[in-house]
Amino acid sequence: MSTSLKRILLGEQGLLVIFVIAFAIVSATVPNFLTERNILGLLQSVVTIGIVACTMMLCLASRDFDLSVGSIVAFTGMIAVMASNATGSILLGLLTALACGSLVGAFNGVVIAKLRINALITTLATMQIVRGLALISSDGRAVGINDAGFYDLALSRFFGIPTPVWAMGALFLVFGFVLNRTVFGRNVLAIGGNPEASRLAGVNVDAMRIWIFALQGLVCAIAGILLASRITSGQPNAATGLELSVISACVLGGVSLAGGRAAMSGVIVGVLIMGIAENVMNLLNIQAFYQYVVRGVILLIAVLLDNLRSRALGRRA
């Protein structure tokens, strides 16, 4: 690979170049890809990954992981449906789910920040615990929605675009602003770059980590509510394997696994690349078994690119 090409691919615009090339190739070669119906379907299919990636970006940028996101999405979706059915109020169901998601996230943050247990182990344990709670609370079965108004959360449209896509776009804007324009965002990157230096500079690192995980739980609850509405029931086995897709999208989008580096624009492109890959495989009727292989390859490529970018930045420094 020539030096100039390598510089483009590993630079800030490299991912965008890859995305534009991939989009052009897919549009020209895959039948029905560039239709309005398929593009809207593609955007809807990445809503869950896109929403959860907003805060996974903050976790990774601060040198942490959250493997429990898929379980929290399933659990909070169940809670939203069950609480709505029990109280007869959709609003109460949604608030209960948001509170539960935030509590699970805050629990992760407290265990990691205060008890000094590795984020990988903590969230791996929470992943099992929360999935178990979802199965126990529903007796392992899907829970139907009593109030048809719940369906409108995901099935309604605004200017012809599904509401969940607007919600994802709004969260992209909010967390992009938080990362780039607030002290909170700058502290997240500083902690990821050097936690000890951040502590000496007066940043409350423990509180920051708890807030990041609480936000992760809250955002997972939003994704869980929209997913339950879209599939018209609470499913205890929903969103299995979501954590790997979200981490792949973030790392593919330039978020460093070593912390200290993240950009919302990169995450958006990473999410779209993941969505396009899955959409194309569906249009070409590729079996689900092979799709697992492709997702694994994308994860490997993402980690390889992160490694190459880190080396390139290290040489420039």
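**Reading the labels**

Reply: Gladly! Buried residues make up 48% of the 317 residues in the protein; buried means under 20% relative accessible area, exposed over 50%, and partly exposed in between, with a 1.4 Å probe and protein chains only. This is a predicted model, in which local features need pLDDT of at least 70 and side-chain atom pairs count only at pLDDT 80 or more, while totals for chains, interfaces and linings use all residues. Residues are numbered from 1 along each chain as its sequence is written, and side-chain values use heavy atoms, with hydrogens and water left out.

Me: How many helices and strands are there in the protein?

Reply: There are 15 helices and four strands. Both are DSSP runs numbered from the N terminus: helices are H or I with at least four residues, strands are E with at least two.

Me: What makes the protein as compact as a globular protein of that length?

Reply: Its radius of gyration is 20 Å, and the globule rule gives 20 Å for 317 residues, so the protein is as compact as a globular protein of that length. The radius is taken over C-alpha atoms, and the rule is 2.2 Å times the number of residues to the power 0.38. Along the principal axes, the C-alpha trace spans about 60 × 55 × 35 Å.

Me: Why is the pair of Phe23 and Phe33 called edge-to-face?

Reply: Rings of Phe, Tyr and Trp (its six-membered ring) pair if their centres lie within 6.5 Å; planes under 30 degrees apart count as stacked, over 60 as edge-to-face and the rest as tilted. By this rule the count comes to four aromatic pairs. For Phe23 and Phe33 the centres are 5.6 Å apart and the planes at 70°, so the pair is edge-to-face. Phe23 lies in helix 2 (residues 14-29) and Phe33 in the loop between helix 2 and helix 3 (36-45), so the pair ties together parts that are ten residues apart in sequence. Ring pairs also link Phe19, Phe23 and Phe33 into a cluster.

Me: How do you know whether Phe23 is buried, exposed or partly exposed, and what about Phe33?

Reply: Phe23 has 28% relative accessibility, so it counts as partly exposed. Phe33 has 0%, so Phe33 counts as buried.

Me: What kind of pair do Phe158 and Trp166 make?

Reply: Their ring centres are 5.7 Å apart and their planes at 70°, so this pair is edge-to-face. Trp166 has a relative accessible area of 39%, so this residue is partly exposed.

Me: Why does Thr48 count as buried, and which residues is Thr48 in contact with?

Reply: Thr48 sits in helix 4 (residues 47-61), and its relative accessibility is 12%, so it counts as buried. Contact means heavy atoms within 4.5 Å. Leaving aside neighbours within four places in sequence, Thr48 is in contact with Val73, Ala223, Leu227 and Leu242.

Me: What makes Leu171 buried?

Reply: Leu171, in helix 9 (residues 163-181), has a relative accessible area of 13%, so it is buried. Not counting residues up to four places away in sequence, Leu171 touches Ile51, Cys54 and Ile222.

Me: Is Asp139 buried or exposed, and where is Asp139 found?

Reply: Asp139 has a relative accessible area of 57%, so it is exposed. Asp139 is found in the loop between helix 7 (119-138) and strand 1 (143-144). Its phi is near 60°, a positive value in a residue other than glycine.
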